[in-house]
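Biologist: Could you take me through this model? I would like to begin with strand pairing and then turn to the contact between the chains.

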Amino acid sequence: MDPAEFGEEVSSRPAEESAPEGAWPAALDRSAAGEEAEETPSIADGVERRVARESIGLDRLGGWITLAVLSLGGGVFVAIYLATGAWDPLWAGILGSAWLLLTLPGLWFAHVWPAVNWRHLSFRADERGIEIRRGILWRRVITVPRSRVQHTDVSQGPLQRRFDLATLIIHTAGTDHATVELPGLSHATALRLRDHLISGGLDDAV
Amino acid sequence: MPYDEPIASPAFEPRRTAIDGAQRLHPFSLLFSIGRAARNLLIPGLFVLFAADDNRYELFLMVLFVPATVRAMFKFLTFRYRFGETELIVTEGLIFRNERHVPYLRIQNIDWSQNVLHRVLGVANVRVETAGGSEPEAELQVLSVGAAEEMRGRVFEEKRRARGDEAVPAPQPAEERDELARLTLGELLLLGLLSNRGIALVAAGLGIGWEMGLFDPRQSEEWTGPVGAFLDRVPETWPWRLALLIAALLVFLLFVRMLSVVWTALQFWDFRLWRSEGGLRVESGLLTRHTSTIPFARVQQVTQIETWVQRLIGRRGLRVVTAGGDADNDEQSRRRWLLPLGERDLIDSLAGLAQPETSGTIAWQPVEPRAFLRLLRRAAILGLLILVIPALIWSRWWLVGAALVLPWAWLDAKLRVRRLGWAITGRGLHVRSGVWTHRVSAVRFNKIQTVQCETSPFDRRFGMATLAVDIAGSGNSDHRLRVPFLDATLAEMLRDRLTTEAAKTRFRW
C-alpha cells in the first residue's frame with residue numbers, strides 16, 4: 001500500500017493551528033521508519049494526515065438527507081396551513097420566513113460544513129500511539145498511547161460501506177474518553193490503524 | 001477439576017462442581033436475603049397499610065414474600081464457590097446455571113461489610129471486585145467471619161503465587177499488621193463539626209416534611225405546649241423579636257452541627273488505616289462496619305482535600321481513586337477515604353506511601369497570569385447581565401449588588417489563578433486547584449489513559465489551552481485532572497511529554 005493512500009498529508013495549516021516544533025520527536029519517527037521499513041510502509045510514520053476526502057461526500061449526503069426530511073416536513077406543514085384557505089397573512093409570513101430561516105442555514109450546514117469539518121480533522125500515528133485532532137471552534141487534540149488501547153472497533157454503516165469508509169473506535173480504560181472515535185477513514189486505512197494500535201506496543205514485550 | 005470430562009455428559013447428572021472443596025454460603029444467608037426483600041417492600045407496604053386501614057392487607061402483603069423466600073432458598077441451595085488453581089469459581093442457579101471464573105490476578109478488592117445484625121451473628125457480606133464495571137464480580141451474602149477471612153487469605157495467597165513471587169511472606173493476621181493511622185474520638189468530633197453533612201440532612205427532612213404537609217399553614221398556625229407558652233410570654237417588641245430570631249438561628253445551627261457529628265460518627269467511627277499485603281486496608285463505621293483493601297497497584301489517583309476551616313487548624317483529608325465502582329454508590333465513596341481528617345504532615349506521608357512514585361517536594365508551575373483578566377472579564381460580563389440589566393428595568397438597588405460583586409470577583413479570580421498549578425516529578429503529574437477548598441492530586445504516568453489539549457475560541461484569542469488527563473475510574477473522583485489557562489505551546493509540549501511517558505509504561509489494572 002502506498003503511503004499516499006493512507007490519506008492526504010496536512011502540509012499547510014494556518015499559523016495559529018500549527019503544532020510547536022518538535023512536538024513529536026524526530027528520533028521516534030526515525031526509529032519507527034527504521035524498524036518497519038520493509039516492503040509495506042508503516043502508517044506509524046509520524047505524519048499528520050487528513051481522513052479520506054470522500055468523507056466530505058458522505059457527510060454531505062447525510063446532511064442533505066436530514067435537511068430534506070426536516071425542510072420537506074416543515075414545508076408540508078406550511079403548505080397544509082396555506083391550503084386550508086383560512087390563513088391570515090401575518091401567520092403565513094411568520095411561518096414562511098421561519099421555514100426559510102431554518103432551511104437556508106441548513107443548506108450551508110449540509111454542504112459547506114462537512115468540508116470545513118474535514119479540514120479540521122486529522123490524525124497522526126507513530127510508535128507511541130495515535131493523535132487525533134478535531135473541532136472547528138472548540139478544538140481538541142487527544143493522544144491515545146498504544147499501550148493503553150484496550151480494544152478497537154472498525155465500524156461501517158450502510159452509507160459508509162457505499163463510500164468504502166469506516167469509523168475507527170478506540171476503547172481505553174479511561175472515563176471521559178473511554179471511547180475515542182475517528183470517523184471518515186478509508187476502510188483500508190482504518191484497518192491499518194487498527195492493526196498498528198492493537199499490535200500492542202509494550203504488551204508484547206512484557 | 002473436571003475439565004477432562006466427556007462433553008456429552010447429560011445435563012441432569014449430579015453437579016460435579018458441587019464437590020471438590022466447593023463451599024456454600026452461611027445458612028444465615030436465607031435470613032438476610034429475605035430481610036433484604038422485606039426492606040425493599042417496607043416503604044410501599046407501609047403506604048398500602050396506611051392508605052387501606054384494614055388488617056387484611058397485611059396478610060395480602062405476606063404473599064409478596066413468597067417469591068423472595070423461594071428465590072432465597074434456591075440461591076442458597078445452588079450457590080457454591082471454590083478456589084481453583086488460578087481463579088475463584090462461583091456457580092449459581094438451578095435452571096439457568098451460571099459458572100463464573102474470576103482469575104485471582106484480576107481481583108482488585110475483597111471487601112466485607114457487617115451491620116449490627118451481621119456482627120451479632122458472626123457473619124459478613126463479602127464482595128469480590130475486579131476493576132471493570134460498577135457491579136462487584138461476585139457478592140457472597142453472607143459468609144461466616146471465618147470463611148470470609150479464609151477467602152481473603154486464600155485469594156491474596158493465590159494471587160501472590162500466580163504472580164510468581166513466592167518470596168513475599170504471607171500476610172499477618174489483621175491484629176499484627178502495622179496500623180498507619182486512625183481517627184481518634186477528638187478528630188472524629190472535629191470532622192463532624194467541620195462537615196456540612198447536617199445541612200443536607202435538614203434539607204432532606206424539610207423536603208419530606210413538606211410532602212407530608214407539616215408546613216401546611218392551617219396546621220402550624222398555633223404553637224401549642226411549652227414552646228407556645230414561652231412564645232406567648234415574649235413581648236412583641238423589636239429587641240425581643242430580634243433576640244428570639246437570633247436564638248432560633250443559633251439553635252438551628254447547633255442542631256445542624258449535631259446532625260453532622262452524628263452522621264460522621266456513623267460513617268467514620270473507629271476509622272483505621274492498616275498496611276496490608278501489597279496495599280492498604282481501611283476499616284470504619286459504627287453500625288455497619290466496613291472493611292476494604294486497596295492494593296497499591298490499583299491506586300489511580302491520590303487527592304488531598306483541605307477546606308478553608310481545616311486549613312486554619314492545620315488538617316486535611318486524603319482520598320484515592322481506584323478503578324472500578326460507580327460514583328453513585330455511597331459505600332464506594334466512603335471507602336475512598338484513606339483518612340478523612342489528619343494533620344498535614346501525616347496526610348503528606350500517607351499520600352507518599354500510597355503512591356511513592358509521586359512523593360517528594362513539588363516545584364509547582366503556575367498557569368498564565370493573564371488568566372486573571374480573563375476570569376475578571378467573564379465575571380464582569382456575567383455580573384453586568386445579571387445585575388445591571390435588572391437595575392435598568394426595576395430598581396437601582398441592583399447596582400449596589402453589582403458594586404459588591406465586582407470586588408469579590410476580583411479577589412476570587414486573583415486567588416484562583418494563583419492557586420492553579422501543575423508539576424511533573426519523578427514518575428507522575430501533579431495538579432492543584434481551588435480557592436476555598438484546596439485540592440492537590442497526583443497521578444502516576446502508568447495510570448494515564450489519554451491526554452487531551454483543548455482550545456476554545458477564547459483560549460485561542462489569548463494563546464492559551466487546557467490540558468486534560470484521563471484516568472480509569474475518575475467518575476469517582478472529585479478532582480478532575482485538568483489544567484486550564486496554560487500557554488498553548490506549553491500545553492502542547494506537556495501533552496507530548498505525558499504521552500511519551502505514558503506510552504513507555506504498561507497499564508495494569
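Biologist: Which residue in E2(A) is the bridge partner of A:Arg50?

Modeller: The bridge partner of A:Arg50 in E2(A) is A:Ser122. E1(A) and strand E2 (residues 122-125) of chain A pair in the antiparallel sense, over three bridges. Helices (H or I, at least four residues) and strands (E, at least two) are DSSP runs numbered from the N terminus, and two strands pair if DSSP finds at least two bridges between them. Please note that this is a predicted model, in which local features need pLDDT of at least 70 and side-chain atom pairs count only at pLDDT 80 or more, while totals for chains, interfaces and linings use all residues. Residues are numbered from 1 along each chain as its sequence is written, and chains are lettered from A and ligands numbered from 1 in the order in which they are written.

Biologist: What is the strand order of the open sheet of seven strands?

Modeller: The order is E1(A)-E2(A)-E3(A)-E4(A)-E18(B)-E19(B)-E20(B), and the pairing is antiparallel. Strand E1 (48-50) of chain A and strand E20 (482-487) of chain B stand at the edges with a single partner strand each, so one side of each has no neighbour in the sheet. Neighbouring strands are turned by 20° against each other on average, direction ignored (axes are lines fitted to C-alpha atoms, for helices over the stretch in contact, and angles run from 0 to 180 degrees between N-to-C directions).

Biologist: How many bridges join E4 of chain A and E18(B)?

Modeller: Five bridges, in the antiparallel sense, with E4 of chain A spanning residues 139-145. Within that pairing, A:Thr143 has B:Val451 in E18(B) as its bridge partner.

Biologist: And how many residues does each chain bring to the contact?

Modeller: Chain B brings 29 residues and chain A brings 30, where two residues are in contact if their C-beta atoms, placed from the backbone, lie within 7 Å. On the side of chain B, the elements that give two or more residues are strand E18 (448-455), helix H15 (457-461), strand E19 (464-471) and helix H16 (488-504). The largest share, nine residues, comes from H16(B).

Biologist: New topic: which residues of H12 in chain B are buried?

Modeller: In helix H12 (residues 344-354) of chain B they are B:Ile347, B:Leu350, B:Ala351 and B:Ala354. A residue is buried if 20 or more other C-beta atoms lie within 10 Å of its own, exposed if 12 or fewer, and partly exposed in between, with C-beta atoms placed from the backbone.

Biologist: Why do they line one face of the helix?

Modeller: Down the axis of H12(B), the buried residues fall within an arc of 105°, so they line one face; the arc is that of the directions from the helix axis to the C-beta atoms. An α-helix has 3.6 residues a turn, so residues three or four places apart point the same way. Among the elements covering the buried residues of H12(B) are strand E11 (299-306) and strand E13 (337-343) of chain B.

Biologist: Is strand E17 of chain B mostly covered or mostly open?

Modeller: Strand E17 (residues 438-444) of chain B is mostly covered, with five of its seven residues buried. E11(B) runs antiparallel to E17(B), joined to it by five bridges, and B:Thr303 stands opposite B:Ser441 in E17(B). Strand E16 (residues 428-433) of chain B also pairs with E17(B) in the antiparallel sense, over six bridges. E16(B) and E17(B) form a hairpin with four residues between them, and B:Gly434 in the turn has a positive phi of about 100°.
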